Amino acid sequence: MILFLLACSAGPDEIATAIKSENPVMREDGAKIAQNYDDQVVIDALVAVLTDPASSEQVKLNAIESLAEIEATGSGETLIKLLQEDSSPKVRRAAADALGRLVVKEAVPALLAYITAFDPNDHEQLAGIWAVGHIGDEGGGMDPEVKKAALGTLVSVRDRTTDTYIRYNVNAALRTLK
């Protein structure tokens with residue numbers, strides 16, 4: 001019901017207020033509905049909720065999805081920090097995906113560290129593999145040193161995995177690194 005009411009009549013200021021609310025349901029709903037508001041007030045509220053230790057995992061997941069949907073490229077630094085430091089594997093995976101969708105070139109070193117933290121056969125690394133490939137494809141080229149590191153990491157994963165699905169995705173990512 002709250003979601004319906006917010007979506008029907010709320011402006012960016014009301015959405016930002018919902019995101020900042022102490023009420024956890026309002027926060028979740030506000031962070032989810034925010035994907036329909038490409039407004040700096042909303043973006044600032046989403047970034048703030050991601051750095052608030054009181055934010056639940058679901059609020060963070062909704063906020064990350066909204067930032068990616070509204071193409072809030074300025075949120076890259078916050079998303080990189082989540083990828084590196086958040087305690088929730090779901091939040092880290094969502095941050096990796098969002099960084100790829102937003103084509104945040106500065107995220108590649110953090111994404112490579114994310115990938116190498118997993119066993120070569122662990123599917124959890126797929127979001128990072130995809131993100132590196134998407135950044136390589138859409139990002140108009142990487143810094144040569146970063147590209148060299150990306151190639152080395154991806155080739156290492158490909159050579160060590162026995163999982164054909166992971167190998168397929170690594171090869172797809174490698175093809176994008178121009």
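**Helix packing and voids in a predicted model**

H6 passes H8 in a left-handed crossing, a crossing being left-handed if the near helix is turned anticlockwise from the far one by less than a right angle, and right-handed if clockwise. This is a predicted model in which local features need pLDDT of at least 70 and side-chain atom pairs count only at pLDDT 80 or more, while totals for chains, interfaces and linings use all residues. Residues are numbered from 1 along each chain as its sequence is written, and side-chain values use heavy atoms, with hydrogens and water left out.

**H6 and H8**

- The axes of H6 and helix H8 (residues 108–116) cross at roughly 20° and come within 10 Å; helices are DSSP runs (H or I, at least four residues) numbered from the N terminus.
- Axes are lines fitted to C-alpha atoms over the stretch in contact, and angles run from 0 to 180 degrees between N-to-C directions.
- H6 and H8 are therefore roughly parallel to each other (angles under 35 degrees; over 145 is roughly antiparallel, 65 to 115 roughly perpendicular and the rest oblique).
- Ile 80, Leu 83 and Gln 84 of H6 make the contact with Ala 110, Leu 111 and Tyr 114 of H8, where contact means heavy atoms within 4.5 Å.
- The contact of H6 with H8 has 5 nonpolar residues, 1 polar and no charged; Ala, Val, Leu, Ile, Met, Phe, Trp, Tyr, Cys and Pro count as nonpolar, Asp, Glu, Lys and Arg as charged, and the others, Gly among them, as polar.

**H2 and H3**

- Helix H2 (residues 12–20) packs on helix H3 (residues 24–33) at an angle of about 135°, with the axes 6 Å apart.
- That angle makes H2 oblique to H3, and the crossing of H2 and H3 is left-handed.
- H2 brings Ile 15, Ala 18, Ile 19 and Lys 20 to the contact, and H3 brings Met 26, Arg 27, Gly 30, Ala 31 and Ile 33.
- By class, the contact of H2 with H3 holds 6 nonpolar, 1 polar and 2 charged residues.

**Pocket and cavity**

- The largest pocket has a volume of about 160 Å³; on a 1 Å grid over the protein atoms alone, a pocket is an open set with protein on both sides within 12 Å along at least five of seven lines, and a cavity is a set of points where a 1.4 Å probe fits but cannot get out.
- Helix H6 (residues 76–85) gives the most to the lining of the largest pocket, with 4 residues.
- The lining of the largest pocket divides into 3 nonpolar, 2 polar and 5 charged residues.
- The largest cavity, with a volume of about 30 Å³, is lined by Gly 136, Gly 141, Met 142, Lys 147, Leu 177 and Lys 178.

Key
Helices (H or I, at least four residues) and strands (E, at least two) are DSSP runs, numbered from the N terminus. On a 1 Å grid over the protein atoms alone, a cavity is a set of points where a 1.4 Å probe fits but cannot get out, and a pocket is an open set with protein on both sides within 12 Å along at least five of seven lines; lining residues have an atom within 4 Å of a point. Grid points are joined across faces, edges and corners, and a volume is the space filled by probe spheres set on the points.
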